[in-house]
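Here's a quick briefing to read next to the coordinates. Have the viewer open and jump around as you like.

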Amino acid sequence: MATRTRAAALLGLILAALCAALVPAGPAAAHAVVVATTPLRDEVLGYAPREVLVTFSEPIAAVPGRVQVLAPDGKRINVGDPEVRDRTMRIALRASDRPLGTYLVSYRVISADSHPVAGSFTFAAGAPSATPPLPAAAESESPAGALVPVAKFVGYLGLLLAVGPPLLAATMWPRRRARRGATVTALVGLGLVAAATLGTWVGQAAQVVGAPLGQVSPADLRAVADSDIGVVLAVRLALVGLAGALLPAVTRGTAGRPRIGALLAVGVAGLVTWPVAGHPVASRVPPVSIVLTTVHIAGVTVWLGGLLALTMFLLRGTHERVLARILPAWSRAATLAVAWLVTAGVIQAAIELGRPSALLGSTYGRLLCAKAALLAGVLAVAAWQRRLIRRQVAAGQPRRVARAAGVELAATAVVLALTAVLVQTPPGRTAGTAAAGVTREGVAQSLTTDLFTLQFDVYPAAAGTANSLHAYVYTPEAKELPVAEWTITAALPEAGIEPITVGVFALEPHHGSAEIHFPVPGDWTLRITARTSEIHRSTATTTVTIR
């Protein structure tokens, strides 16, 4: 009874620490941010444009019916559904009846890491209106409450319970110890993962449509099923069901190597579903981030899941000679798991931070520092415990080992809580980015020549990496102007770098795209020339700051 009480107390502590992380995500939880708009935010044009372009920091998908442009008279002026190409959303406007005044653009999209993003901005044609238009339905964060974060936390707890017992049962479980409790615990863990997955599904539907949970319809749930995140969640549920069929034989000790291997493969596939539904898919190197996050999660679940199962079922009541064989084997496995999670976590943290200054200059970075400090303390306790095992005195002092394991689990519960907060926090690579004339992560400008109006953006406006440039040409009457030939050069006179010619790909008759590599930071001179006919050619020259 005492053992069960302690186990229940440990589980309660972990769950309580996880629940402590249920801080409302707020608008900052949206991980795709607007890095450029055309027209520029708050720009005053001399004409009413025929389209609006919004460029985000990562690929997005528009929520049907939730993207609109309101004219100064409050009427909806956008035509059809917006067109999305990777990170850029193009909103076509009516060809006629575009009055002068302030226009309002509001949008709701889904970022690559499945987070809904809502926002709005204004621009003016001619002069700003005395009373700007208001959206018919204000865009706001979904009132789905804490369902999605709660579901994530329950899923994490389910992973620990589902992984630990089968791991010990397949490798180091004593023959004379009962296995029923381990089987029940593992199945409960799988049940928690399944329940968390369904909760995430419902919460995602509410966030996508921006409606309360009680107003989510079957059509909204089917819409999530047709999305990328829906496919991932459906695969996870299928893998949970398959694991449930394979697991009992493994925990009972009656499974052969093929069944154990099959359960291992299913488990790894299930772990992969976590990163492909989160930050890693939107990182700068998605395949690397997905692998690293999978290894990190695997290390955490093997270490903590195994430690929890060891504390719950084996430390009490197992003969000293048997513990003398189990504890060294467990210590080696735990050490390897910790090495996995630390190595993968450090590399993935560097990718998500994006720049050294984000370590202390962003909420994400500061949370990482706190997590690392707590983890260092946990590893110090684990090292002391490993020393006892190496000195071959741990088996004779199971209570000391149990107390150390309790401290380890309690401190790690706080680490898990910080991890849960990190899942809801914008990565350092996007934190603080906002659309403006010149942003921390990009440049957007509108230029006028004697022949046309040129609107362009450069992202991420950084040296030593690939930068994408999109340029659009219009007549003074705001009509799309086809370009027969583009010429773009970039130079840095102060560093003695002569003009570099950039290859341009014509995506549309009036739209050119290019990839630019700036070798060093500085104020680069950009010259964009558009030839619109055999005799008409004009050049727009500007300076862009590359960091």
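Predicted model: local features only at pLDDT ≥ 70, side-chain atom pairs only at ≥ 80, totals over all residues.

Strands here (E, at least two residues) and helices (H or I, at least four residues) are DSSP runs, numbered from the N terminus, and two strands pair if DSSP finds at least two bridges between them. Residues are numbered from 1 along each chain as its sequence is written, and side-chain values use heavy atoms, with hydrogens and water left out.

**The sheet around β18**

- T525 has a partner on the β19 side too, namely T543.
- Strand β14 (residues 485-492) pairs with β18 in the antiparallel sense, over seven bridges.
- β18 and strand β19 (residues 537-546) also run antiparallel, joined by ten bridges, and a hairpin of five residues takes the chain from β18 to β19.
- β14 and β15 are antiparallel as well, with four bridges between them; I488 stands opposite V502 in β15.
- Put together, that's an open sheet of four strands with antiparallel pairing, in the order β15-β14-β18-β19.
- β15 (497-502) and β19 are the edge strands, each with a single partner strand, so one side of each has no neighbour in the sheet.
- From one strand to the next, the twist averages 20° (axes are lines fitted to C-alpha atoms, for helices over the stretch in contact, and angles run from 0 to 180 degrees between N-to-C directions).
- How much of β18 is buried? Seven of the ten residues in β18 (residues 522-531) are, so the strand is largely enclosed by the rest of the structure. Buried means under 20% relative accessible area, exposed means over 50%, and partly exposed is in between (1.4 Å probe, protein chains only).
- If you're thinking about faces, remember that side chains in a regular strand alternate between the two faces of the sheet.

**Whole-chain numbers**

- The chain has eleven helices and 19 strands.
- Of its 547 residues, 52% are buried.
- Accessible surface comes to about 23,800 Å², and carbon and sulfur atoms account for 62% of that. The areas come from the Shrake-Rupley method with a 1.4 Å probe; for residues, only the protein chains shown count as cover.
- Take the contacts (heavy atoms within 4.5 Å) between residues at least 6 apart in sequence: 69% of them join residues at least 24 apart.

- Mean pLDDT is 78, and 80% of the residues reach 70 or more. That score is the predictor's confidence in each residue, from 0 to 100.
- Residues 1-30 stay under 50, and the model has 45 contacts for them beyond four places in sequence.
- Residues 137-143 also stay under 50, with 18 contacts beyond four places in sequence.

- L93 sits in the loop between β7 (88-92) and β8 (101-111), and is buried with a relative accessible area of 6%.
- L93 and R50 are 43 residues apart in sequence, yet their C-alpha atoms are 5.0 Å apart in space.
- Leaving aside neighbours within four places in sequence, the contacts of L93 are P49, R50, E51, V52, V69, I77, N78 and V79.
- T311 belongs to helix α7 (residues 286-314) and is buried at 11% relative accessible area.
- A polar atom of the T311 side chain lies 2.8 Å from the backbone oxygen of L307.

- For background, most residues other than glycine have a negative phi, and most peptide bonds are trans.
- T38 and P39 are joined by a cis peptide bond, with omega about 0°; P39 is in the loop between β1 (34-38) and β2 (44-45).
- D42, in the loop between β1 and β2, has a positive phi of about 65° although it is not a glycine. D42 counts as exposed, at 54% relative accessibility.
- A461 also has a positive phi, near 60°, in a residue other than glycine. Its place is the loop between β12 (453-459) and β13 (466-474).
- Is A461 buried or exposed? A461 is buried, with a relative accessible area of 3%.

Definitions and conventions: Polar contact = N/O pair within 3.5 Å; in protein donor to acceptor, adjacent residues only side chain to side chain.
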